[in-house]
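Please look at the sequence and the model before reading on.

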Amino acid sequence: MKHSILHTVNQSPFSNNTLLQCLNTYTDGDGILFLENGAYAALLSQPASHLLENKTCYVIEVDLHARGLLEQELNADIQLINYETFVQLSTEYDVVQSWY
């Protein structure tokens with residue numbers, strides 16, 4: 001039985017390979033949430049941006065803004081959310097997997 005997974009990534013793809021590790025396990029029905037320094041992974045300019053196409057991805061808006069990043073810099077496939085929505089998503093997916 002397949003479980004849907006909400007993958008949380010809190011590390012920048014510019015200094016860490018956690019996003020690539022996460023993407024290696026991502027399957028249809030999963031979601032990826034970028035928080036803390038993981039907000040950098042939501043940028044169109046990050047090296048693995050093209051690998052996020054056709055994937056369900058979210059970024060915490062306050063984490064994005066806390067790093068001086070703008071919505072205009074985001075990959076088009078990324079949805080801005082707040083912490084309340086993060087809590088809701090964590091109940092909608094079967095498993096939450098953190099990548100640190």
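A residue is called buried when its relative accessible area is under 20%, exposed when over 50%, and partly exposed in between (1.4 Å probe, protein chains only). This is a predicted model, in which local features need pLDDT of at least 70, side-chain atom pairs count only at pLDDT 80 or more, and totals for chains, interfaces and linings use all residues. Residues are numbered from 1 along each chain as its sequence is written, and side-chain values use heavy atoms, with hydrogens and water left out.

**Cysteines**

A disulfide is a pair of cysteine sulfur atoms within 2.5 Å. The model has 0 disulfides under this rule. C22 belongs to none, and its nearest cysteine sulfur is that of C57.

| Cysteine | Relative accessibility | Distance to nearest cysteine sulfur |
|---|---|---|
| C22 | 0%, buried | 8.2 Å, to C57 |
| C57 | 0%, buried | 8.2 Å, to C22 |

The sulfur of C57 is therefore too far from that of C22 for a bond.

**Nonpolar cores**

A nonpolar core is a set of buried Ala, Val, Leu, Ile, Met, Phe, Trp, Tyr and Cys residues joined through side-chain atoms within 4.5 Å. The largest one has 20 residues, and L19, I32, F34, L52, V59 and I78 have the most contacts inside it. Two or more of its residues come from each of α1 (18-25), β2 (31-34) and β3 (56-60); helices (H or I, at least four residues) and strands (E, at least two) are DSSP runs, numbered from the N terminus. The largest share, 3 residues, is given by α1. Apart from this core lies another of 9 residues, including L33, L35, F86 and L89.
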